[in-house]
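Reader: I would like to go through this model with you and ask, at each step, what a term rests on. Could you set each value against its definition as we go?

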Amino acid sequence: MLGFSPVRAMALAPSQKVVVVTFGGGARDEETFAPEGQENIPNLMKTLVPQSTFFGQVVNQGILGHYVATASLATGVYETFDNFAAVKPDHPTVFEYFRRGLNRPAGDTWVVAPSNGFNGIGTSNVKGYGQGAGVILPKQLLRTALPLEGDAKYSHLLLDNYEDPYYVPPLAGNEFHLKQLDQVLRLSVTDFMSHAMTLSSADELSVYIAKQLMRQLAPSLLWITLHDMDIAHSGAYSLYVEGIQRSDRLCAEIWSTIQSEPEYAGKTTMFVLPDFGRDSDYDAGGNGFQHHRTGDALSRTTWMMALGPGIREGLMVDRPVTSLDLVPTIGAKLGFATPLVKGNRLVEVL
Amino acid sequence: MQPAELQARDFNSYPPAARKLIVGHLDLVKQLPMVFVALLLREVSGYDWRFPAERRVIDAQFAYLGKLAPARRAELLRSFAEIELPRDVSSIDWVKHTQKFLDGLTKTLWATHQIDAFTAAATRYTAEWNKAEPEPEPEMPRLSIVVYGAGLHYAGYPLFKKLRPHGVFVPKVAGTDGWPEILKAVQARAAKQPTPYKHWYIDGGSADPAAGKSLSTTSYDGMTEVREDVLKKIHEIIASGHGGPEQLRTAMAEITPRELSFGSNAHDEVMHHFEVNVQTEGSGTQIFSTTFAMWSAREALRRAQPYTTLVRYAPRQRELPMNEMLSSKSKSAGVDPQGSVMDADIGAFYVWVDQQRLTGAAQSSFLAWSEEHKEAVMVGPGLPRGTVAGSNLSVKQMLMQLS
């Protein structure tokens, strides 16, 4: 299906690697980098920001739905498809650019994502492309691994997404199957389930899978989307803040893994960014932290940090950049062309 | 269909008051852009069950639009007329299936980057007609009270962080009769100005019967049957195989209160509709009692524009972590006292923000009080901002300062 051999992608690998961590649940400044929010992100503040070049104004002018916005991040073009449809992007993805530009095998780029809708994010519909990333949906794996009665019993845990909690898009035939856990990740279903039972959330499961990928395949381009904080849609502020705090801890954990894994240490750039923000408390058209429906400045503006070898530490970039700038920047960093993107390279990190 | 083609019979399926209203203004409606008419119809179609404040807004819009010279009206609404819609949206019967059309419109506005222009046009229109037809001042200064009720406790959590800069923080609230004093105060206000739907009591648990009948009351526990009916309908829609998010949203919007059990407001169709809307349009109101309280308060303030708003938060159910859910060790989720405090704290702030959006904001007062923490914050005219009370105050004393 994915056309790769389950071995480490070693031969002809680029000298550098990139790990992208996105939050597929918008986070506002006031719960993160504004003074009153910094207590929620101690790891980002104390460990990652000092090592990073930090972009304080990343503007997203696209559709503020998590799948379509994350797909836009991955294509460098504002995608316009239905956010709740499990479809492929209409423009080439960074994964396709990467594989085509550097002639890389399928196993060298992966996406770990939260919901069924993301199943199509690895590869676009564009003619002449089509060789993209493998996509792993850990919650879908967990759903498959659970006994039949599990669906109802664990329905809340397996909630596909928080934007529309009652809808699960059907998978479109590109999914990573349970049996591949063993073939690709060297992980038995029993071990997978045992480990899942020690974790407190779906994002922790995603990071666990990402770490397995890093150890077993060491992909050069790895994309992880976290989404626990999107529980904000349920209206429980405490759970939204808890999701932010967990994401903060997981980002530090991913960075720590990068530093400790020989395949990654010293040659990996990590980008961390939310896909967008959430509504302002003061916009009469919205519902504050709960949603991202107004399209106001707060919901469209977020931040990004880049850290790794060659990145200037402690640099704060005040100029506005866009969320479309990520793909051309990764392309420049790893040395492949991204001809159809609409964004620009971020010179501050090149 | 274009508005110019509308005829009275097109509105035969509308409830009586809504039909009478729209047919009475048909000549005007025929001259308006289609998108604008659809937006107007969403409000008008529920006219029979709208609160008096909402009816006044709808009436005032017709009055305002009717008074405008045609050229001026066309200029003000031009941005709505210029919105380009794909055929699959423009062909929707926007008179009968208004919500479906508006869902398609929303999707189009985002996908074609017209959302910002639309927002600007809507903001300009609202500002213009508000200037021409200003909202009336309240008949008495508004007062909102938010109570973090029994069971909400989070040791060490700094309450009222967002509210303290606007008023007086009271670190030690004296006495044990706070709740009865609050009920007495809101009942007195309702008796003094007994205008329907202007004095509200929203409870995240069970409504206290001592609140009496003079308040517009809704509660999480009182909505149990309605909530279960809504969830059942959601599952039916999903099981039908036609449960995509837009279809689901449309179906939810088209649920009528007659299809559902009656909650505690069976005698009052307007309140019953309000409660159903909270369940069908609110996100998370069916799951967490704190979200129910927050959303109900926001909707009550936005729609009914109350003079008095009393909201009492109760503990919400706990969100089970993944490992507990998988291990099946927990038989029931239990409650989350700490998370409920945080939820109530942002909910209190939103009540204050929403009250400040209404007329008479400069004279409006606000009190948030945690029963278990014995702390409070008061905001009101004449009270200093960003200060701390130097002595213990009882709830009664605080209410007197705010009256």
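Author: Let us begin with confidence: pLDDT is the predictor's confidence in each residue, on a scale from 0 to 100. The model is predicted, so that local features need pLDDT of at least 70 and side-chain atom pairs count only at pLDDT 80 or more, while totals for chains, interfaces and linings use all residues. Residues are numbered from 1 along each chain as its sequence is written, and chains are lettered from A and ligands numbered from 1 in the order in which they are written.

Reader: Where in chain A is confidence lowest, and where is it highest?
Author: In chain A the lowest confidence falls in helix α5 (residues 150–153), with a mean of 53, and the highest in strand β9 (residues 321–322), at 98. The mean pLDDT of chain A is 87, with 88% of its residues at 70 or more. Over residues 1–12 of chain A, however, pLDDT stays under 50. Where pLDDT is low, the predicted coordinates should not be read in detail.

Reader: What makes B:Val230 buried?
Author: A residue is buried if 20 or more other C-beta atoms, placed from the backbone, lie within 10 Å of its own, exposed if 12 or fewer do, and partly exposed in between. B:Val230 has 23 other C-beta atoms within 10 Å and is therefore buried. This residue belongs to helix α11 (residues 224–239) of chain B. Leaving aside neighbours within four places in sequence, B:Val230 is in contact (C-beta atoms, placed from the backbone, within 7 Å) with B:Leu260, B:Gln279, B:Thr280 and B:Gln286.

Reader: Why is A:Ala218 called partly exposed?
Author: A:Ala218 has 19 other C-beta atoms within 10 Å, and is therefore partly exposed. A:Ala218 sits in the loop between α8 (202–216) and β5 (221–226) of chain A, and its phi is near 45°, a positive value in a residue other than glycine. B:Tyr197 also has a positive phi, near 60°, and lies in the loop between α10 and β4 of chain B. With 22 other C-beta atoms within 10 Å, B:Tyr197 is therefore buried. Most residues other than glycine have a negative phi, and most peptide bonds are trans.

Reader: How do you know that helix α10 of chain B has the span that its number of residues calls for?
Author: The expected span is 1.5 Å times one less than the number of residues. Helix α10 (residues 178–192) of chain B has 15 residues and should therefore span 21 Å, and its end C-alpha atoms are 21 Å apart, which agrees. Helix α13 (residues 269–281) of chain B has 13 residues and should therefore span 18 Å, and its end C-alpha atoms lie 17 Å apart, which also agrees. The buried residues of α10(B) include B:Ile182, B:Ala185 and B:Val186, and among the elements that cover its buried residues are β1 (143–148), β6 (308–313) and α17 (395–402) of chain B.

Reader: What makes β5 and β9 of chain B edge strands?
Author: Two strands pair if DSSP finds at least two bridges between them. Eight strands of chain B form an open sheet in the order β5-β4-β6-β1-β7-β8-β2-β9, with mixed pairing. In that sheet β5 (216–219) and β9 (387–388) of chain B each have a single partner strand, so one side of each is left without a neighbour in the sheet. Strand β2 (residues 168–170) of chain B pairs with β9(B) in the parallel sense over two bridges, whereas three bridges join β2(B) to β8(B) in the antiparallel sense. B:Phe169 has B:Val388 as its bridge partner in β9(B) and B:Val377 as its bridge partner in β8(B). β7(B) and β8(B) pair in the antiparallel sense over five bridges, one of the pairs being B:Trp369 with B:Ala376.

Reader: Which residues touch the most other members of the largest nonpolar core?
Author: A nonpolar core is a set of buried Ala, Val, Leu, Ile, Met, Phe, Trp, Tyr and Cys residues joined through C-beta atoms within 7 Å. The largest such core has 194 residues, of which A:Tyr240, A:Ile254, B:Leu367 and B:Ala368 touch the most other members. Helix α9 (residues 237–260) of chain A gives the most to this core, with 10 residues.

Definitions and conventions
Helix = DSSP H or I, 4+ residues; strand = E, 2+ residues; numbered from the N terminus. Contact = placed C-beta atoms within 7 Å.
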